[in-house]
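Please read the notes below alongside the sequence and the coordinates. They are set out as numbered points, taken chain by chain.

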Amino acid sequence: MDNVEIKKLLQSFRKGTTDSDDPIFREPLERLGSDPALAAWFRAEQEFDAVMVATFRNVPAGPPADGADGPERR
Amino acid sequence: MPRSDQDGGHERATGKFEDFVEENFATAYRFAFCLSLAHDRARRLVETTFHDAEDLRKKEPRAKVDKTWVLETLHRKWRACHPVRSGADREEDIAATAEASISFEHAGDLDCDVVLKILHSMSPDHRLVLSLFYFEQLGHGEIARILELAPETALSRLAQSKVLLRQLLERSRRAYAAERQGCEPSAD
């Protein structure tokens, strides 16, 4: 598996889920131990995911109070 | 007159369904809005989906009607009115490959409304996988199931969509920085 394919898989990896036991992620996760550049890239990727999850946590889940249509807003 | 057990059972079932709606409303509405990009359409999608859920529970009490069922049903209803065009967005994907991506440090500085606006500007193929990945924090397997994709397709699409999102966020960040630089008074 080349690095392009490894990164494609790791971009979907979610820590703390059944992904850890999914065989599709076995080789990519093993490669992290022997490739420091890949490991650094993966850490940054996971950090980005954490930032996005935190950002989207602030999004209200319902129609606006004024009943307007269009893009969802606070 | 004492209440029959049937009345009590019906009230319990109604109460449970109300709890189900309350637990899943936010998830349903967020995804419905991501699908339709309009509040009135999102409302209708959510209403008919919960209506179907209630009907199904009455007819088949053992049917697994959970959050995944709600998301799958919402997607199916929306797809019925919006058939997928194959080969769409290729130009957008190819054009975006050479662009710079935003770092996580800069991403953390972006306003939630800006990020949401960018997400909603993306094609359905991209914004739906990202919505399920970031809003609902689902893995690729569940995303594949809800969007009726092969798992490998869900993996590829998620990877591609994340790259595109980061490029669009970086584009927005640079545009904002350039605008601010243009507005700031000179030091003379």
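**Notes on the two chains**

1. Read along the sequence, chain A follows the pattern α-α-α, with three helices and zero strands; here helices (H or I, at least four residues) and strands (E, at least two) are DSSP runs, numbered from the N terminus. This is a predicted model, in which local features need pLDDT of at least 70 and side-chain atom pairs count only at pLDDT 80 or more, while totals for chains, interfaces and linings use all residues. Residues are numbered from 1 along each chain as its sequence is written, and chains are lettered from A and ligands numbered from 1 in the order in which they are written.

2. Of the 74 residues in chain A, 22% are buried, a residue being buried if 20 or more other C-beta atoms lie within 10 Å of its own, exposed if 12 or fewer, and partly exposed in between, with C-beta atoms placed from the backbone. Pro28(A), found in helix α2 (residues 26-34) of chain A, is buried because 21 other C-beta atoms lie within 10 Å. Leaving aside neighbours within four places in sequence, Pro28(A) is in contact with Ile6(A), Leu9(A) and Leu10(A), where contact requires the C-beta atoms of two residues, placed from the backbone, to lie within 7 Å. The C-alpha atoms of Pro28(A) and Val59(A), by comparison, are separated by 33 Å, with the two residues 31 apart along the chain.

3. Between the chains, 27 residues of chain B are in contact with 28 residues of chain A. On the chain B side, α1, α2 (39-59), α5 (104-107), α6 (112-121), α7 and α9 each supply at least two residues, and the largest share, six residues, comes from α6(B). That side divides into 14 nonpolar, seven polar and six charged residues, counting Ala, Val, Leu, Ile, Met, Phe, Trp, Tyr, Cys and Pro as nonpolar, Asp, Glu, Lys and Arg as charged, and the others, Gly among them, as polar.

4. The domain assignment of chain B gives domain 1 (5-81) and domain 2 (92-183), with bounds that come from an automatic or database domain assignment. Their contact takes nine residues from domain 1 of chain B and ten residues from domain 2 of chain B. On the domain 1 side, α1 (5-36) and α3 (67-81) of chain B each supply at least two residues, and the residues of that side divide into four nonpolar, three polar and two charged.

5. How do α2(B) and α3(B) cross? Their axes, lines fitted to C-alpha atoms over the stretch in contact, with angles running from 0 to 180 degrees between N-to-C directions, come within 10 Å and cross at roughly 125°. That makes α2(B) oblique to α3(B), since angles under 35 degrees count as roughly parallel, over 145 as roughly antiparallel, 65 to 115 as roughly perpendicular and the rest as oblique. The contact is made by residues including Leu45(B) and Ala53(B) of α2(B) and Val70(B) and Trp78(B) of α3(B), and by class has five nonpolar, three polar and two charged residues.

6. Two loop residues of chain B deserve a look at their backbone angles. Most residues other than glycine have a negative phi. Gln137(B), in the loop between α7 (124-135) and α8 (140-146), has a positive phi of about 55° although it is not a glycine, and is partly exposed, with 15 other C-beta atoms within 10 Å. Glu148(B), in the loop between α8 and α9 (151-183), has a positive phi near 55° and is partly exposed, with 13 other C-beta atoms within 10 Å.
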